[in-house]
Amino acid sequence: MEKQHSFTREELLMSGRGELYGPKNAQLPLPPMLMMDRITHMSEEGGKYGKGEIIAELDITPDLWFFDCHFQGDPVMPGCLGLDAMWQLVGFYLCWLGGPGKGRALGCGEVKFTGQVLPTAKKVTYKIDLKRVILRKLVMGIADATMEVDGKQIYEATDLRVGLFTSTQDF
């Protein structure tokens with residue numbers, strides 16, 4: 001059976017409810033913390049390092065929850081939400097590969113913000129390039145990622161690290 005390479009919003013919501021890969025495995029967060037509307041491409045090949053890539057999108061509308069509170073009179077998407085989306089995607093990728101356990105962000109190398117997402121924007125695009133994938137007793141992905149708003153790159157993160165854990169009791 002061929003692996004699915006794109007996911008609709010409803011399928012991403014199924015992941016958040018534990019219905020896609022099971023409740024004991026990595027799940028995407030549910031809204032409002034789900035920071036993507038669709039995954040348009042996921043592959044074990046390709047990307048900058050030839051180890052896999054993910055492309056996902058978030059539709060921007062002025063009524064998104066964070067614009068009302070960040071900041072009053074100066075609405076902008078918090079940078080941490082874009083970074084979290086990148087971690088979310090690496091964890092989802094590991095589960096898509098069959099890795100067991102719940103996803104946890106483990107850190108990153110460097111993050112650069114060179115722009116902002118305003119309520120007037122239309123679309124955010126995340127591009128994830130896997131650098132290393134470990135699928136043994138340790139399940140971990142390391143990736144570089146970028147985030148674009150309306151085609152302009154505004155975030156860059158290196159060495160995003162996400163692990164899957166079959167027990168998070170001692171985490």
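Which residues of helix 1 are buried? They are Leu-12, Leu-13, Ser-15 and Gly-16, where buried means under 20% relative accessible area, exposed means over 50%, and partly exposed is in between (1.4 Å probe, protein chains only). This is a predicted model, where local features need pLDDT of at least 70 and side-chain atom pairs count only at pLDDT 80 or more, while totals for chains, interfaces and linings use all residues. Residues are numbered from 1 along each chain as its sequence is written, and side-chain values use heavy atoms, with hydrogens and water left out.

**Helix 1 and what follows**

- Looking down the axis of helix 1, you'd find its buried residues within an arc of 150°, so they line one face of the helix; the arc is that of the directions from the helix axis to the C-beta atoms.
- Those buried residues of helix 1 pack against strand 1 and helix 3, with contact meaning heavy atoms within 4.5 Å.
- Helices (H or I, at least four residues) and strands (E, at least two) are DSSP runs, numbered from the N terminus.
- After helix 1 comes Gly-18, which has a positive phi near 80°.

- Pro-31 sits in the loop between helix 1 and strand 1, and it is partly exposed, at 42% relative accessible area.
- Not counting residues up to four places away in sequence, Pro-31 touches Arg-9 and Leu-13.
- Leu-13 is 18 residues from Pro-31 in sequence, yet their C-alpha atoms are 8.2 Å apart in space.
- The peptide bond from Pro-31 to Pro-32 is cis, with omega near 10°; Pro-32 belongs to the loop between helix 1 (9–16) and strand 1 (38–43).
- Another cis peptide bond links His-70 to Phe-71, with omega about 0°, and Phe-71 is in the loop between helix 2 (65–69) and helix 3.

**Two aspartates with positive phi**

- Asp-150 isn't a glycine, but its phi is positive, about 50°.
- You'll find Asp-150 in the loop between strand 6 (139–149) and strand 7 (152–165), partly exposed with a relative accessible area of 44%.
- Asp-159 also has a positive phi of about 50° without being a glycine; its place is in strand 7, and it is partly exposed at 26%.

**The largest pocket**

- The largest pocket has a volume of about 280 Å³.
- On a 1 Å grid over the protein atoms alone, a cavity is a set of points where a 1.4 Å probe fits but cannot get out, and a pocket is an open set with protein on both sides within 12 Å along at least five of seven lines; lining residues have an atom within 4 Å of a point.
- Grid points are joined across faces, edges and corners, and the volume is the space filled by probe spheres set on the points.
- Its lining has 15 residues, with Gln-27, Pro-29, Gln-88, Gly-103 and Arg-104 nearest the centre.
- Helix 3 (79–96) and strand 3 (102–107) each give at least two lining residues, and the largest share, five residues, comes from helix 3.
- The lining splits into seven nonpolar, five polar and three charged residues; Ala, Val, Leu, Ile, Met, Phe, Trp, Tyr, Cys and Pro count as nonpolar, Asp, Glu, Lys and Arg as charged, and the others, Gly among them, as polar.

**Cysteines**

- There are zero disulfides here, a disulfide being a pair of cysteine sulfur atoms within 2.5 Å.
- For Cys-69, the closest cysteine sulfur is in Cys-80, 10 Å away and too far for a bond.
- Cys-69 is exposed at 54% relative accessible area, whereas Cys-95 is buried at 4%.
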